[in-house]
Amino acid sequence: MKLDIIGKRKIFFGISIVALVLVLIITIVVGPKLDIQFKGGSIATYTYTGDITPDEFGKTVESFLGQDVTVQKQENSVTGQTSMVVSLTSNQNLTTETQTGLLEELQTTYADNEIEASDINNVDPVMGMEFFKKCIVAVVFASVIMIVYIGFRFRKIGGASAGVVSVIALIHDVLIAYGVFVLLGFTINDNFIAVVLTILGYSINDTIVIYDRIRENKRYYGNKMELGELVNMSINQCLRRTVTTSLTTVMALICICVVAVMMNVSSILSFAVPMMVGVISGLYSSVFLSGSLWTLWQEKKAAKATKA
């Protein structure tokens, strides 16, 4: 059974447009949750004895400070000392007076738990933004290199257009992953950058495989077959391999998500879930978008040449 991907490309284009509009709406309504390294704030670590849950500890801190905080429980594997790490994003750092008052409040509330402040750091958002800018530069540079590489490798089938279309598909995948981060309330942090860079490398691989098949079929059939028919045949020939590879990766990521939920490791979950969606989006863009967009580009180019 062969899918008529090129013939129904308007449907697939429409699905992608709707998905990107939803990402825009989610961004406007929900808004991204920036990590402390990008927004600035403070990180305070408190050691304690006995049993305290992060939720009740966080409520005490929030009640005193009057703002939302994130609390994570940590345990030193060597000493066995447990601690609570409190992170709060704010344009103003914790003053000495506030730190002292908060410690006194915690010691009063948890009088039997011997709470002590072991480390308090104020985070400057400048370093995080510099890191973010460098990552953006890296992504742009990688995109340019991809266009040049694909343009050279597939020069016999209009490689420059294939490269540009590939980057457009990658941007589509990155935006979908970003939408997942915002929708699920995951913090935009190092994990987001890691997901973006991984998707760039993963998704482009499937697209190149399809382009390679198009080039081989073009060499074999020449002008005996319409371009749309040739591209559609090429995509279908790669479909099983592409779907199998992506599903295998998704299954592995699902296992990681299950373990992360069982172990309550949110940092892994905030990477695995968006990455899983990114892999699915990469499969979709490689199969249903890249070839169709490239075919549309070539058809428009041929039409202009005919008119001229």
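What is the volume of the largest pocket? That is taken up in point 3, after the overall form.

1. Basis. This is a predicted model, in which local features need pLDDT of at least 70 and side-chain atom pairs count only at pLDDT 80 or more, while totals for chains, interfaces and linings use all residues. Residues are numbered from 1 along each chain as its sequence is written, and side-chain values use heavy atoms, with hydrogens and water left out.

2. Overall form. The protein has nine helices and six strands; these are DSSP runs numbered from the N terminus, helices being H or I of at least four residues and strands E of at least two. The radius of gyration is 25 Å, well over the 19 Å that the globule rule gives for 308 residues, so the protein is more spread out than a compact globule. That radius is taken over C-alpha atoms, and the rule is 2.2 Å times the number of residues to the power 0.38. Along the principal axes, the C-alpha atoms fill a box of roughly 85 × 40 × 35 Å. Of the 308 residues, 44% count as buried, meaning under 20% relative accessible area with a 1.4 Å probe and protein chains only.

3. Largest pocket. Its volume is about 720 Å³. A pocket here is an open set of points on a 1 Å grid over the protein atoms alone, where a 1.4 Å probe fits, with protein on both sides within 12 Å along at least five of seven lines. The volume is the space filled by probe spheres set on the points, which are joined across faces, edges and corners.

4. Pocket lining. The lining has 23 residues, and Lys33, Asp35, Thr70, Gln72 and Thr187 lie nearest the centre of the pocket; a lining residue has an atom within 4 Å of a point. Strands E1 (33–34), E3 (70–75) and E4 (82–89) and helix H9 each give two or more residues, with E4 giving the most, four. By class there are nine nonpolar, eleven polar and three charged residues. Ala, Val, Leu, Ile, Met, Phe, Trp, Tyr, Cys and Pro count as nonpolar, Asp, Glu, Lys and Arg as charged, and the others, Gly among them, as polar.

5. Aromatic pairs. The whole structure holds eleven aromatic pairs. Rings of Phe, Tyr and Trp (its six-membered ring) pair if their centres lie within 6.5 Å, and planes over 60 degrees apart count as edge-to-face. Phe12 lies in helix H1 (residues 9–29) and Tyr284 in helix H9 (residues 266–307), so the pair ties together parts that are 272 residues apart in sequence. Phe12 is buried at 14% relative accessible area, and Tyr284 is buried at 17%.

6. Aromatic cluster. Tyr178, Phe181, Phe186 and Phe192 form one aromatic cluster. Within it, the rings of Tyr178 and Phe192 have centres 6.1 Å apart and planes at 70°, so this pair is edge-to-face. Tyr178 lies in helix H6 (residues 159–183) and Phe192 in helix H7 (residues 190–221), so the pair ties together parts 14 residues apart in sequence. Tyr178 is buried at 18% and Phe192 at 10%.

7. Two buried helix residues. Cys238, in helix H8 (residues 227–263), is buried at 4% relative accessibility. Val196, in helix H7, is buried at 8%.

Note on methods: Rings of Phe, Tyr and Trp (its six-membered ring) pair if their centres lie within 6.5 Å; planes under 30 degrees apart count as stacked, over 60 as edge-to-face and the rest as tilted. Buried means under 20% relative accessible area, exposed over 50%, partly exposed in between (1.4 Å probe, protein chains only).
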